[in-house]
Amino acid sequence: MIKNLAWVTTQAAHGRDEDETAVVAALGVAGCTVEIVNWDNKAVTWSKFDRVVLRSAWDYPERLKDFLIWFDSVSGITEIVNSPAIIHWNLDKNYLNELADAGIAITPTVFVKPGDVYEFPVSEFVIKPAIGAGSRDAASYDSKQHEIATRHVARLHTSGQTVLVQPLLNSIARDGEWPMVFFNGKFSHAANKRVTLPRAGSVDDLFAPETNSPHTPTTNQLKVAQAAIDFVSSKFGTTTYARVDLVLDNQGSDCVLELELIEPSLFLYYADAKCTHSFVEALIQ
Ligand SMILES: Nc1ncnc2c1ncn2[C@@H]1O[C@H](COP(=O)(O)OP(=O)(O)O)[C@@H](O)[C@H]1O
Ligand SMILES: [Mg+2]
């Protein structure tokens, strides 16, 4: 059993992680000492922890180089959760291609690398970076906004990013998205999350404002999300925690918007207390 665990956050996220208080308390009850630490705190001796768990390190995308230097050095010293191979793979939304190749429904996506020739869809569309989180650098555009959209793509390409161009999924504004949470590869609970994506703008906080509520998944949502998790498990082994964000495509079918395997909010606040216990078990075993 894990006795001594680092719960990794960042200064700007303090007090903003809805999962933290309940899980840290439950870990204590289970006999595990937890230290809440900023990933960039140079004074931390990482080797003293049996396990380092990435939680609200939500500023990693804009500090990626430093984050990866830190991450790779810590993963050489102690165990990091999720595993380094999973984290590296999940950093870049190009993994969506692999899910699609495995027959899992994903949001229709065109990947545009720097230097590629591209065209925008005729109807409304979304632009976002391959490496990003919390809606930062994501925006939607309509057919009259190609000029500003081109500048957005150019800006992302200049910073070395591959760009994802997707049709604007109409149901997201109406119905939101459905985070499906898994512990040790098994479904735990689901939620409904609504995020308003700015039109032709970008989010300059850690994450865009959200409204969340509990959700009981449909049979098909469970099937699609489990298929995505089984794909990850067969590639890398079991994920301690994982979130599959499902949405409806413009034909009304369930599809994966993204996999959150690095530092996802787990919506435990909206779930039964036994879900917190499942997470604690996965963290300490
Ligand atoms: N194709 C899309 N159509 C409509 N809204 C989208 C689309 N893609 C993303 N969004 C909105 O942008 C937000 C951020 O996009 P997402 O793919 O989840 O990336 P990340 O959370 O890593 O920034 C989503 O929560 C959703 O509200
Ligand atoms: Mg998201």
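What radius of gyration would a compact globule of 285 residues have, and what does the chain have? I looked that up before anything else. A compact globule with 285 residues would come out near 19 Å, and the chain has 19 Å, which agrees. The radius is taken over C-alpha atoms, and the globule rule is 2.2 Å times the number of residues to the power 0.38.

**Ground rules.** I'm working with a predicted model, where local features need pLDDT of at least 70, side-chain atom pairs count only at pLDDT 80 or more, and totals for chains, interfaces and linings use all residues. Residues are numbered from 1 along each chain as its sequence is written, chains are lettered from A and ligands numbered from 1 in the order in which they are written, and side-chain values use heavy atoms, with hydrogens and water left out.

**Overall look.** I found eight helices and 13 strands in the chain. These are DSSP runs numbered from the N terminus (helices are H or I with at least four residues, strands E with at least two). Along the principal axes, the C-alpha atoms fill a box of roughly 60 × 40 × 35 Å.

I checked burial next: 53% of the 285 residues are buried. Buried is under 20% relative accessible area, exposed is over 50%, and partly exposed is in between (1.4 Å probe, protein chains only). The chain exposes about 12700 Å², with carbon and sulfur atoms supplying 52% of that. That area comes from the Shrake-Rupley method with a 1.4 Å probe.

**Contacts and charges.** Taking contacts between residues at least 6 apart in sequence, I see that 72% join residues at least 24 apart; a contact means heavy atoms within 4.5 Å. I also noted 24 positive and 35 negative side chains, with the centres of the two sets 0 Å apart. Lys and Arg count as positive, Asp and Glu as negative, while His and the chain ends are not counted. Each charge is placed at NZ of Lys, CZ of Arg, CG of Asp or CD of Glu.

**Aromatic rings.** How many aromatic pairs does the structure hold? I got 19. Rings of Phe, Tyr and Trp (its six-membered ring) pair if their centres lie within 6.5 Å; planes under 30 degrees apart are stacked, over 60 edge-to-face, and the rest tilted. Trp46 and Trp70 have ring centres 5.3 Å apart and planes at 70°, so I logged an edge-to-face pair. Trp46 sits in the loop between strand 2 (33–38) and strand 3 (51–56) and Trp70 in helix 2 (residues 64–75), so the pair ties together parts 24 residues apart in sequence. Trp46 is buried at 8% relative accessibility, and Trp70 is buried at 9%.

My other pair is Phe182 and Phe187, with centres 5.6 Å apart and planes at 75°, so this pair is edge-to-face. Phe182 is buried at 0% relative accessibility, whereas Phe187 is partly exposed at 29%.

I also spotted one aromatic cluster formed by Trp39, Trp46, Phe49, Tyr60, Phe67, Trp70 and Phe71.

Where is Asn82 found? It is in the loop between strand 4 (79–81) and helix 3 (84–90), and the peptide bond from Val81 to Asn82 is cis, with omega near -5°.

Asp137 has phi near 65°, a positive value in a residue other than glycine. I found Asp137 in the loop between strand 6 (125–129) and strand 7 (139–141).

Asn184 has a positive phi too, near 50°. Its loop runs between strand 9 (178–183) and strand 10 (186–195), and Asn184 is partly exposed at 27%.
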